[in-house]
Amino acid sequence: VYPFYLQQRKVSVFDVSTIIVIVVFLTFACSFLLIIPGIRGQARLYWTLRVLLSLVVGVVIVAVQFTGDWETGWVTANTSYKSFSHALVNVDIGVHVGLAGVNVTLMGNPVNQVNETIKDRGLPSPILYVAEKFTTQSPCNMHGQYRISSHYAPATLWVAFCTWLISNMLFSLPVLVYGGYMLLVTGAFMIFSLLSFSTVRNSLMCPMQFGTAILRTGYGGSFWLTLAIGLLCFVAGITVVVLHYFNLGLLKTFFDLHEDKGEEYQEMTEVYVNPRFVNKRL
């Protein structure tokens, strides 16, 4: 979005959308924890691990699309606070780039300087300087770079969310190996989203300089969290596929699909056959 349009203020990392997503998935987790005592034996532990890990993957895929710390940077500098003023203030300047927009932060060291409270209101010169780098009129073209990278990253994340849903459906059916394949696809699309966002750093970036200090940005918490969950999906998917071909019994036990032989024999003793329709040699 354009930085000069009037819009509701948002915090740099968490906003209302992120909190709503987290609350929804926490509700699912709490609902499952209420029914988990009804599962008997060792299957209770397996169900808990499967459900909680699956919810963690789902909440990360959705929540990181609304966070604002895919790329962050901070710098401490002595710079002017107002236009047409030679008074210098010591401030911490931060920029937080998310998939939905950019947030610029200014904090005074200390807060009260040059008869001003440096955090409450207004558009100080450092904030305007950084915000202008992300406008369409800026020769830096940072707006175009981030707009393209932030267009494909959410698209691939939503595809990863769909494949995550499909993997859960397949795990609920006796086709575990296909659920493992879909977990691999989920991890692949999460990595694709990271690669899409990383393309912006392959081009030259305009320096954001405040005197002798330069504001440099690096990958933030949401980027590394997405990478970690993507790798977790790869590990889980590979584990399911390997167990399917080399130790299917252990895999069925973990997914509570292992049948007890004693129960099979007991069921066979309860079968009644009409001897008129059975071959005498059998």
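These questions and answers cover a nonpolar surface patch and a pocket in a predicted model.

Student: Which helix gives the most to the nonpolar patch?
Tutor: The patch is made by Y178, Y181, I238, V242, Y245 and F246. Two helices each supply at least two of its residues: α5, spanning 176–198, and α6, spanning 221–246. With four residues, the top contributor is α6.

Student: What is the area of that nonpolar surface patch?
Tutor: Its members include Y178 and F246. I238, another member, is found in helix α6. Together the patch residues make a nonpolar surface of about 680 Å².

Student: Is I238 buried, partly exposed or exposed?
Tutor: Buried means under 20% relative accessible area, and exposed means over 50%. I238 has 46% relative accessibility, so it counts as partly exposed.

Student: What volume does the second largest pocket have, and which residues are the closest to its centre?
Tutor: The volume is about 800 Å³. The pocket is lined by 29 residues. Closest to the centre are R50, V51, S54, F171 and F255.

Student: How many residues in the lining of the second largest pocket are nonpolar?
Tutor: The lining is sorted by class. Two of its residues are charged and five are polar. The nonpolar count is 22.

Terms used: Residues numbered from 1 in each chain as written. Predicted model: local features only at pLDDT ≥ 70, side-chain atom pairs only at ≥ 80, totals over all residues. Heavy atoms only, no water. Patch = residues over 30% accessible without salt bridge, like charges linked within 9 Å, V, L, I, M, F, W, Y side chains within 5 Å. Areas by Shrake-Rupley, 256 points an atom, 1.4 Å probe, with all protein chains shown as cover. Salt bridge = Lys/Arg side-chain N within 4 Å of Asp/Glu carboxyl O. Buried < 20%, exposed > 50% of the residue type's maximum accessible area, 1.4 Å probe, protein only. 1 Å grid on protein atoms, 1.4 Å probe; cavity = no way out; pocket = protein on both sides within 12 Å on 5 of 7 lines; lining within 4 Å. Points joined across faces, edges and corners; volume = space filled by probe spheres on them. Nonpolar A, V, L, I, M, F, W, Y, C, P; charged D, E, K, R; others polar.
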